[in-house]
Amino acid sequence: MKRKSLRIISILIAIILVTIGGLLGYVKTTMPDVGEAPDITIEATPDQIARGHYLANYVMQCIECHSARDWSAFAGPLVPGTEGQGGEIFNQEFGFPGSYVAANITPKGIGNWTDGELFRAITTGVSKDGHPLFPIMPYENFRLLDSIDLISVIAYIRTLAPIDHTTEKSHSDFPMNFIIHTIPKKPDFTTIPSKSDKVNYGAYLVNAANCKTCHTKFEKGKFTGEPFAGGRELPLPDGMLRSPNLTPHVTGLGNWTEEMFVQRFKMYSDSAYVPQKPEDLGYQTYMPWMNYTHMTTEDISAIYAYLRTVPAVENKVEKFEAKI
């Protein structure tokens, strides 16, 4: 009787394992399912390239992620001559379920990609060969932008100088190596709001700049805090950086005026600004101030206007904790 029970249990376990294996195989072989790359060819205009340059460098931070940064200087400014070469690594140290490496997006890296394949990758998270991208590349945000802006970004990226730089391959840990196949989805484009509609225009920019991702607490591969309330931990060699609270609570931006907010961004492009070293300030930051400082005052003001409308959350953040 005991032997018969063990045999039944063994059969049930085998059935369960086969079922799980079948489901995982199905996910791996049939997903992501976002359709073929669109058949588009971008005939770039100077205005498109200029708009793409502005978005890719100063708002969406494409170039910041896909270039080398000088971490000996405050805020890690870009290393000149590395624009688009890739290589930045986002791994388990930052709470990610794998190691994800920014690709080379110069002509040496994506020269054989069609415009449609680039468009699909940016808006759905599916690469040229059909494999899914982890959303450290914020396609979940970009899929909600105006397609006109996304085409402008591609037009600009095509103008980058070719850099022969081979990057490591990204990989996901288990079970993300299966889950990642279910994340990409088809885009849901919007239209750029009128600048006169300051709050909605600001919301559009905040989404494009992916502010919520860095300014929301993130633990064990998922968001655990209130949106924009800060507290996400980002390790540094000499300590732990935590993102500040951006909500209109007094522990966040509650006491900040629009002028103060704008000045915080624009100070780094002011002729009076003197570059500083992290050791002189006592801390380092991942916030790409040297890029964001070149946003227009109008756009920064719109971002401020939108952030004033998000729910106020009490969360006093200790922004930097040094290693003992």
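How do the residues of the lining of the second largest pocket divide into nonpolar, polar and charged? I will come back to that in a moment, after a word on what we are looking at.

This is a predicted model, in which local features need pLDDT of at least 70 and side-chain atom pairs count only at pLDDT 80 or more, while totals for chains, interfaces and linings use all residues. Residues are numbered from 1 along each chain as its sequence is written, and side-chain values use heavy atoms, with hydrogens and water left out.

Let me begin with the chain as a whole. The protein chain has 14 helices and eight strands, where helices (H or I, at least four residues) and strands (E, at least two) are DSSP runs numbered from the N terminus. Of its 324 residues, 43% are buried, and by buried I mean under 20% relative accessible area, with exposed being over 50% and partly exposed in between, using a 1.4 Å probe and protein chains only. The accessible surface comes to about 17400 Å², and 58% of that belongs to carbon and sulfur atoms; these areas come from the Shrake-Rupley method with a 1.4 Å probe, and for residues only the protein chains shown count as cover. If we take contacts between residues at least 6 apart in sequence, 69% of them join residues at least 24 apart, a contact being heavy atoms within 4.5 Å.

Now to the pocket I opened with. The second largest pocket holds about 280 Å³ of space, and among the 20 residues lining it, Lys217, Phe218, Glu219, Gly231 and Glu233 are the closest to its centre. For the terms, we work on a 1 Å grid over the protein atoms alone, and a pocket is an open set of points where a 1.4 Å probe fits, with protein on both sides within 12 Å along at least five of seven lines, whereas lining residues have an atom within 4 Å of a point. Grid points are joined across faces, edges and corners, and the volume is the space filled by probe spheres set on the points. As for the opening question, the lining divides into six nonpolar, six polar and eight charged residues, with Ala, Val, Leu, Ile, Met, Phe, Trp, Tyr, Cys and Pro counted as nonpolar, Asp, Glu, Lys and Arg as charged, and the others, Gly among them, as polar. Strand S4 (218-219), strand S6 (233-236) and strand S7 (239-242) each supply at least two residues of that lining.

Next, the nonpolar core, by which I mean a set of buried Ala, Val, Leu, Ile, Met, Phe, Trp, Tyr and Cys residues joined through side-chain atoms within 4.5 Å. The largest one has 65 residues, and Val59, Met60, Phe228, Phe261, Met295 and Leu307 are those with the most contacts inside it. Val59, leaving out residues up to four places away in sequence, touches Tyr54, Leu205, Ala208, Ala209, Tyr292 and Met295.

One is His215, in the loop between H10 and S4, which is buried because its relative accessibility is 9%, and whose contacts beyond four places in sequence include Pro227, Phe228 and Ala229. The other is Asn245, in the loop between S7 and helix H11 (258-266), buried at 4% relative accessibility, and touching, among others, Phe228, Ala229, Gly230 and Val313. The C-alpha atoms of Asn245 and Val313 are separated by 8.1 Å, though the two are 68 residues apart along the chain.

By contrast, Lys316, in the loop between helix H14 (297-307) and strand S8 (320-322), counts as exposed because its relative accessibility is 76%.

Two backbone details remain. Phe174 and Pro175 are joined by a cis peptide bond, with omega about 5°, and Pro175 sits in the loop between strand S3 (171-172) and helix H8 (176-179). Asn210, in the loop between helix H9 (198-209) and helix H10 (211-214), has a positive phi near 60° without being a glycine, and it is buried at 15% relative accessibility.
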